[in-house]
Amino acid sequence: GAVVSQHPSRVICKSGTSVKIECRSLDFQATTMFWYRQFPKQSLMLMATSNEGSKATYEQGVEKDKFLINHASLTLSTLTVTSAHPEDSSFYICSVYSGGATDTQYFGPGTRLTVL
Amino acid sequence: GENVEQHPSTLSVQEGDSAVIKCTYSDSASNYFPWYKQELGKRPQLIIDIRSNVGEKKDQRIAVTLNKTAKHFSLHITETQPEDSAVYFCAAKHGNTPLVFGKGTRLSVIA
């Protein structure tokens with residue numbers, strides 16, 4: 001399957017600062033990537049769908065001005081949490097859609113964000 | 001959109017016994033149903049999946065069944081071992097739509 005990396009794996013920041021998370025598809029050209037968020041002891045919740053070269057599509061309740069997504073190339077999508085607050089502390093996981101015959105999703109290792 | 005319900009939320013079994021986790025989905029267009037195992041602090045790991053043209057699939061101690069008419073699918077783990085203890089998620093999708101996850105089942109295998 002596709003190899004997906006995320007950076008950083010962990011980040012601690014102060015309230016009010018912005019944090020950028022990178023998601024890279026290392027061996028696969030990803031037209032579509034998805035960003036999920038997982039709070040402790042909860043399931044993965046879709047935040048947005050990121051399509052290369054176009055604006056991201058956000059799920060209801062997710063503020064597009066707070067969670068900025070850029071999918072500028074077929075191998076890189078970034079999620080920027082702007083003016084982070086403690087309630088944004090979560091596990092952020094990106095996922096690459098494979099398309100084609102495999103028609104599945106491959107997940108990155110996740111980024112643990114802690115906002116103090 | 002798709003809605004996936006998963007039961008039970010927690011499950012405790014004795015080592016060697018079987019464990020069954022059940023999911024239902026709402027979108028009849030869904031045709032891909034993976035199961036993930038997630039250990040604390042790690043990404044979900046795909047353990048088995050099934051597509052809508054198949055009713056059952058087995059991989060060693062793990063099996064998944066799908067009933068498209070009733071819109072439900074189940075995960076069966078036989079001869080459970082302590083290392084099977086984790087949180088398990090079912091999910092559903094079709095085409096390039098994103099996976100929608102169930103709320104998860106915390107499985108504890110007691111030695």
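1. Basis. This is a predicted model in which local features need pLDDT of at least 70 and side-chain atom pairs count only at pLDDT 80 or more, while totals for chains, interfaces and linings use all residues. Residues are numbered from 1 along each chain as its sequence is written, chains are lettered from A and ligands numbered from 1 in the order in which they are written, and side-chain values use heavy atoms, with hydrogens and water left out.

2. Sheet in chain A. Four strands make an open, antiparallel sheet in the order E1-E3-E8-E7 (chain A). Strands here are DSSP runs (E, at least two residues; helices are H or I, at least four), numbered from the N terminus, and two strands pair if DSSP finds at least two bridges between them. Strand E1 (4-7) and strand E7 (67-73) of chain A are at the edges with a single partner strand each, so one side of each has no neighbour in the sheet. From one strand to the next the twist averages 15 degrees; axes are lines fitted to C-alpha atoms (for helices over the stretch in contact), with angles from 0 to 180 degrees between N-to-C directions.

3. One pair in chain A. E7(A) runs antiparallel to strand E8 (residues 76-81) of chain A, and five bridges link them. Within this pair, Phe67(A) is opposite Val81(A) in E8(A).

4. Sheet in chain B. The open sheet of chain B has five strands in the order E1-E3-E8-E7-E6, again with antiparallel pairing. Its edges are strand E1 (4-7) and strand E6 (56-59) of chain B; each has a single partner strand, so one side of each is left without a neighbour in the sheet. Neighbouring strands are turned by 15 degrees against each other on average, direction ignored. E1(B) pairs with strand E3 (residues 19-25) of chain B over four bridges, in the antiparallel sense. Gln6(B) has Cys23(B) in E3(B) as its bridge partner.

5. Interface, extent. Of the area that chain A buries against chain B, 30% comes from Ser43(A), Asp103(A) and Phe107(A), more than from any other three residues.

6. Interface, polar terms. Between chain A and chain B there are zero salt bridges, defined as a side-chain nitrogen of Lys or Arg within 4 Å of a carboxyl oxygen of Asp or Glu. Seven residue pairs, both at pLDDT 80 or more, are in polar contact across the interface.

7. Backbone details. His7(A) and Pro8(A) are joined by a cis peptide bond with omega about 0 degrees; Pro8(A) is in the loop between E1 and strand E2 (10-13) of chain A. In chain B, the peptide bond from His7(B) to Pro8(B) is cis, with omega near -5 degrees.

Technical notes. Buried area = accessible area lost by both parts, 1.4 Å probe. Polar contact = N/O pair within 3.5 Å; in protein donor to acceptor, adjacent residues only side chain to side chain.
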